[in-house]
Amino acid sequence: MSVKNVRSAIETFLSTSDPQVLCISGAWGTGKTFNWKSTVRALRDKPGAIALNEYAYVSLFGLNSIAEVKTQILQSMVVRAQIGDTPDLTTFSNMLSTAESGLKKGIVKSVTGVLGTRGEALVSAMGFLTNRMIICLDDFERKGEKLRASDVMGLMTYLKEERSCKIVLLLNDSQLEDRKTYDSYLEKVVDIHLRFEPTAEEIGFIALPDDDELSKMVRERAMFLGISNVRVIRKVYGLVKGLAPLLKDYAPIVTENAVSTVVLMGWSYFEPEVGPDLEYLKRANTYDSDKEDTDLDLKWRDLLRGYRFGHADKFDLSLLRGIQRGYFIASELEEHATLLHHADIRSKVEARLRDAWNQFNYSFQTSADEALDQLFRVVEENIANLILTEIYGVAKLFHDLEDDRYLTIVKMYISEKKAVEGAFDVSDIARYYEKIPEDIWQLIDDASQSQKPKMGRDDIFAALVDRAFDREVTQRLAALPMEEYLRVFKENEGERLSNIIHAIRQYLTVANPSETFLKLWIGLGTLCEKSPRKVR
């Protein structure tokens, strides 16, 4: 039955004073206890909703005798107006006053005379105290080994038939050890039997009824995965609450991705018999299956794909360590969170720049001046997250259209990136663009040189692998005599020589070569003729 239907049945049950036994069964963690407590708590202030005035909630977990059960009933007894409140001295005092006023002084006095204390007397007088009240017995499947099912059923029958009580029994019947005994008594003792089977959506709201952002994120992901255990969802939410402050300074997508991982892997960790196996999640690739995981892929792949889980990356694995540990360490998350943060920012900046270019290239509604203004604004507002090729593309357009703002664009970029290593690497520009305007080239080259120490001849060749199109490198190489090349070739071998030759070959693929590259071409041609082994 759904939550709504079970609550309706509970309301009907509580609205009458008829002695009855109500049994609510369901799987572990589905929220049976929460649903009962929240329903009865909500009804306590509604006139006529609860027919009886006294109430007790008892967990049978670990109890080993009927005497212990009776004692727990006495200790947890409250009046209707206090249902849902934690029993304390005040609630006990109120209940005690009510109980004592209903007992004949002679009975209490005679029992006290035998047992010696007022408290012991009241416990023994349970037959008088537990009269016309609601008693909820929870965790039946987790009772102590010495407490027999028949004893509990016998007590329930006595309370119903002799003391006119309404009894509620909450249990997970799939975990009953003496199921046969339970089944034999069920038909005789229980008047109403409800099977509590809420949907994943209902369980999500039982576990996290609030609508704050974190609750919604966890709840939505738990619903998608079909997590049916309230306790698991709450444990996962507790982890997310501890994680969120560590990620507050990153882009929202970082927190969203982290929550997705914690919900999925937390489910597997806290409920391994139900969720995907953790070792499988650590090695799985839902778009490139392993033959050894065929059965697991058939079971989980479609769900994981729909959840947008492709494979576990380093960020996911660092989050898993936090789940297993019970808390997260900021330094473990920083590197991967930073990468995700910048990737998200870059994707948004790229989209804005692409839209601005489209306005210039593919719109008849926008004038050229308006489109240029838009491009300039996008560059100005996002200068910290643009790369040199993007900056150069916009600056080159402004230059070709004789708009002097091209110099402003380049200078803004240089000012922003002067401390960023590699920000002025012109390799892609030199390789794929037409000849770079001299004033733009000079600005970029000056900025690049300000970041680097002067290089000796051997340093120039060593820098070829990473800085083949650096202006300082190309100019120095073009000015070197052929004998210097031959010396370097002879003094180096293996991978180092291979890297040098590979880097030099790149110069032969440059389109629209500048004067510097033409000198290199001529020099390399001469070198090939002189070399005893051809540079291929």
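Arg308 counts as exposed, at 80% relative accessibility. Exposed here is over 50% relative accessible area, buried is under 20%, and partly exposed is in between, with a 1.4 Å probe and protein chains only. Arg308 sits in the loop between helix H15 (294–306) and helix H16 (314–325). Helices are DSSP runs of H or I with at least four residues, strands are runs of E with at least two, and both are numbered from the N terminus. Arg308 is not a glycine, yet it has a positive phi of about 65°.

A word on the source. This is a predicted model, in which local features need pLDDT of at least 70 and side-chain atom pairs count only at pLDDT 80 or more, while totals for chains, interfaces and linings use all residues. Residues are numbered from 1 along each chain as its sequence is written, and side-chain values use heavy atoms, with hydrogens and water left out.

Glu402 is another residue to look at. Its phi is positive too, near 60°, and Glu402 is a residue other than glycine. Where is Glu402 placed? Glu402 is in the loop between helix H19 (388–400) and helix H20 (405–417). With a relative accessible area of 72%, Glu402 is exposed.

That brings us to H20. Helix H18 (residues 368–381) packs with H20 at an angle of about 15°, and their axes are 11 Å apart. The angle makes H18 roughly parallel to H20. Axes are lines fitted to C-alpha atoms, for helices over the stretch in contact, and angles run from 0 to 180 degrees between N-to-C directions. Under 35 degrees counts as roughly parallel, over 145 as roughly antiparallel, 65 to 115 as roughly perpendicular, and the rest as oblique. On the H18 side, Leu372, Asp373, Phe376, Val379 and Glu380 meet Arg405, Thr408, Ile409 and Met412 of H20. Contact means heavy atoms within 4.5 Å. By class, the residues of this contact divide into 5 nonpolar, 1 polar and 3 charged. Nonpolar covers Ala, Val, Leu, Ile, Met, Phe, Trp, Tyr, Cys and Pro, charged covers Asp, Glu, Lys and Arg, and the others, Gly among them, are polar.

Helix H3 (residues 66–76) and helix H8 (residues 149–161) pack at an angle of about 45°, with axes 10 Å apart. H3 is therefore oblique to H8. Ile66, Val69 and Lys70 of H3 make the contact with Asp151, Val152 and Leu155 of H8. That contact has 4 nonpolar, no polar and 2 charged residues.

Next, Tyr185, which is found in helix H9 (residues 179–189). Is Tyr185 buried or partly exposed? At 29% relative accessibility, Tyr185 counts as partly exposed. Leaving out residues up to four places away in sequence, Tyr185 touches Ser150, Met153 and Val190.

The largest nonpolar core has 67 residues, of which Leu14, Trp36, Val218 and Val262 touch the most other members. Such a core is a set of buried Ala, Val, Leu, Ile, Met, Phe, Trp, Tyr and Cys residues joined through side-chain atoms within 4.5 Å. A second, separate core of 31 residues includes Val379, Ala423, Phe424 and Ile429. Over the protein chain, 45% of the 536 residues count as buried, and there are 28 helices and 6 strands.
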